Amino acid sequence: MVKKTYSDHMKNLSKDDVFHGLLGFGLFPDKLPPFLSSASFLDFCLTKLDKFFDKYEFGFIHYENTRNINIPRVLSIPNPIAYRNQCFQISENWDNLITHFDKNTQNDKHKISRIHIRKIQEENKIFYFGYDEEERQESSYDTIFEMSHKNYKLDDYPEPDLLIGSYLIVYADISNCFPSIYTHAIPWALVGKEQAKVSKSDNKQWYNKLDLSTRNLKNGETHGILIGPHSSNIISEIVLTRVDAALSKEEYKYIRSIDDYRCFVRSHEEGEKFLLSLSVELKKFGLILNNKKTEILKLPMAAREHWIRKINSFMPVREKS
């Protein structure tokens, strides 16, 4: 079986696939009740020239979602025009982003990040109007991200191999990951901090356009990206794959699910070394570990506890009769 690389599925997406997938299916958070859709807004955007979207003020609204641990999580719905502009910058520079992801994952022995960007649901259909609404044509653009989506045949499942020879597992979590991502860290990750700072005033650079469009989702603020829109997962991957690239050089056996890390080690000392390395690399992008969610546990009990937590997250809550 040929090993799948991080960006294999991404390479099968054209820039139009990315734009339509993010804008038509990724505007609203997945945790919202599924009665909202942005497919018709995508239709509207496709009837307008790019310059039409240059004259709007931008912002977002909050939605508070209560998780199964009874702690509210603030999700956000961006201004649709601002979101369109960010999706446009991501899609127009999709080839540059593929190059970035390839460069930072080429030394991985397995797929470290468990985020998989690709077409997911072929049954989702939207319509393309074109500039002449009489020439309405059916298309099959699909969502390219789903939070709980997994396909082990396509994405591999490295955990059993990582368990071999390991005695402990390290759990680590980035503290307030999305709200802590500095938008200027996007150019830092893409071209390096030195080059990014030299060219920070050059609004023609593609990475600065991506930075600007991301800031506009939060009224021009540089601190934090929104939790909810699918585009935020691509933005976070731009930064976190740079962290992964540095950790891969030290040959740690770990996987990452967005901002949650599980590293398989032979000793407590190795586990502490991983946490130190991770902390150092995160700080380069203004991120820190959540000490409350950081622990080193013995195997196999730790693995068993992980699966129990995972199963419980899908178990329906039954009321007492």
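Student: Is Y261 buried or exposed?
Tutor: Y261 is buried, because its relative accessible area is 1% and buried means under 20%. Keep in mind that this is a predicted model.

Student: And what about Y254, buried or exposed?
Tutor: Y254 is buried, with a relative accessible area of 0%.

Student: How many aromatic pairs are there in the whole structure?
Tutor: A search of the whole structure turns up ten aromatic pairs. In one of them, the rings of F19 and F88 have centres 6.5 Å apart and planes at 90°, so that pair is edge-to-face.

Student: Where do F19 and F88 lie?
Tutor: F19 is in helix α1 (residues 15–25) and F88 is in helix α3, so the pair ties together parts 69 residues apart in sequence. Both F19 and F88 are buried.

Student: What about the rings of Y254 and Y261?
Tutor: Their centres are 6.0 Å apart and their planes are at 35°, so the pair is tilted.

Student: Which residues do ring pairs link into a cluster?
Tutor: F41, F44, F52 and F53.

Student: New topic: at what angle do α3 and α11 pack?
Tutor: Helix α3 (residues 80–92) and helix α11 (residues 231–248) pack at about 45°, with their axes 11 Å apart. They are therefore oblique to each other, and α3 passes α11 in a left-handed crossing.

Student: Which residues meet there?
Tutor: Y83, Q86 and I90 in α3 meet S231, I234 and I235 in α11. By class, that contact of α3 with α11 has four nonpolar, two polar and no charged residues.

Definitions and conventions:
Residues are numbered from 1 along each chain as its sequence is written. This is a predicted model: local features need pLDDT of at least 70, side-chain atom pairs count only at pLDDT 80 or more; totals for chains, interfaces and linings use all residues. Side-chain values use heavy atoms; hydrogens and water are left out. Axes are lines fitted to C-alpha atoms, for helices over the stretch in contact, and angles run from 0 to 180 degrees between N-to-C directions. Helices (H or I, at least four residues) and strands (E, at least two) are DSSP runs, numbered from the N terminus. Angles under 35 degrees count as roughly parallel, over 145 as roughly antiparallel, 65 to 115 as roughly perpendicular and the rest as oblique. A crossing is left-handed if the near helix is turned anticlockwise from the far one by less than a right angle, and right-handed if clockwise. Contact means heavy atoms within 4.5 Å. Ala, Val, Leu, Ile, Met, Phe, Trp, Tyr, Cys and Pro count as nonpolar, Asp, Glu, Lys and Arg as charged, and the others, Gly among them, as polar. Rings of Phe, Tyr and Trp (its six-membered ring) pair if their centres lie within 6.5 Å; planes under 30 degrees apart count as stacked, over 60 as edge-to-face and the rest as tilted. Buried means under 20% relative accessible area, exposed over 50%, partly exposed in between (1.4 Å probe, protein chains only).
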